[in-house]
Amino acid sequence: MKKLILTLIAALGIVSGAAQAAEGGIAWDKAPNKTNDLASLQNGAKIFVNYCLSCHSAAFMRYNRLKDIGLTEQEIKDNLLFTTDKVGETMKASIDPKQAKEWFGANPPDLTVIARSRAGHGGTGADYLYTFLRTFYRDDTKATGWNNLAFPSVGMPHALWQMQGDRRPVFEEHESHGHKTQVFKGWQQVTPGTMSPLQFDQNVGDLVNYLQWMAEPAQNTRIRVGVWVLIFLGVFTVIAWRLNASFWKDVK
């Protein structure tokens with residue numbers, strides 16, 4: 001009994017500590033939810049294949065499934081097949097897992113369902129990814145040369161840095177209850193990227209839209225069918241109610 005009580009106390013302590021750690025992070029920005037926008041999904045797929053697939057796999061997604069977002073099989077073969085020559089293959093990373101572990105300290109995670117697995121107190125998984133991909137900054141103390149506000153000490157370099165350019169976070173020192181804390185206030189651009197900040201945010205939004213779609217390609221169909229099912233049930237309920245009243249109107 002004592003062991004059980006001690007275990008519960010320890011578990012509560014871990015949960016409490018995790019919650020406090022989570023509260024200490026930056027607020028997540030709201031991701032643009034445009035999983036019905038085929039142009040956005042196609043651009044996101046292009047960015048994913050060009051910038052993410054070199055290290056991260058999407059082992060549960062096949063290239064030919066991209067036909068669901070309006071691409072033809074020939075367009076997929078001509079523009080998106082870099083790690084295989086078969087359109088029916090899954091999206092496998094080109095990097096060798098042993099080299100990845102040696103360079104980054106761990107094998108980069110599979111991204112097929114990353115948008116569903118990163119939901120938390122701050123918002124959806126898409127919100128987290130949208131914030132994460134836009135909050136990298138140079139940090140020479142890290143092995144990769146990069147750090148991230150949403151995921152401090154992340155082992156991943158900034159794959160999209162040429163688009164965004166180099167930025168540094170600006171902090172203000174606040175004192176509360178005798179303790180000094182650093183509060184994030186904004187960004188200072190050090191060197192420009194190939195895109196304006198607005199263009200970069202739009203492209204990251206497209207990438208996140210694609211990751212969100214890839215995590216559950218049938219989601220939009222499921223929601224659409226669900227709406228029609230609810231409408232049918234509502235109409236059927238009215239019909240059944242009136243039939244019931246008609247059948248029993250002469251019964252007293």
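First, the conventions. This is a predicted model, where local features need pLDDT of at least 70, side-chain atom pairs count only at pLDDT 80 or more, and totals for chains, interfaces and linings use all residues. Residues are numbered from 1 along each chain as its sequence is written, and side-chain values use heavy atoms, with hydrogens and water left out. Helices (H or I, at least four residues) and strands (E, at least two) are DSSP runs, numbered from the N terminus.

Start with the core. A nonpolar core here is a set of buried Ala, Val, Leu, Ile, Met, Phe, Trp, Tyr and Cys residues joined through side-chain atoms within 4.5 Å; buried means under 20% relative accessible area, exposed over 50%, partly exposed in between, with a 1.4 Å probe and protein chains only. The largest one has 43 residues, and F48, L66, M91 and Y210 have the most contacts inside it. Two or more residues each come from α2, β1 (58-62), α5 (114-117), α6 and α8, and α8 gives the most, nine. Leaving out residues up to four places away in sequence, M91 touches F48, L66 and Y210, among others; contact means heavy atoms within 4.5 Å.

Now the pockets. On a 1 Å grid over the protein atoms alone, a pocket is an open set of points where a 1.4 Å probe fits, with protein on both sides within 12 Å along at least five of seven lines, and lining residues have an atom within 4 Å of a point. Of its 28 lining residues, H56, P109, F132, V154 and M156 are closest to the centre. Helix α6 gives the largest share of that lining, three residues. By class, the lining has 21 nonpolar, six polar and one charged residues.

The second largest pocket holds about 200 Å³. It has 14 lining residues, with Q164, R167, P197, F200 and D201 nearest its centre. Both β6 and α8 give two or more residues to this lining, which divides into five nonpolar, five polar and four charged.

Next, the hairpin. Strands β5 (165-176) and β6 (179-192) pair in the antiparallel sense over 12 bridges; pairing takes at least two DSSP bridges. E172 stands opposite V183 in β6. Two residues lie between the strands, and H177 takes a positive phi near 55°.

Last, T35. Where does T35 sit? In the loop between α1 (2-23) and α2 (38-52). T35 is buried, at 8% relative accessible area, and its contacts beyond four places in sequence are L41, N209, Q212, W213 and N220.

Technical notes: Nonpolar A, V, L, I, M, F, W, Y, C, P; charged D, E, K, R; others polar. Points joined across faces, edges and corners; volume = space filled by probe spheres on them.
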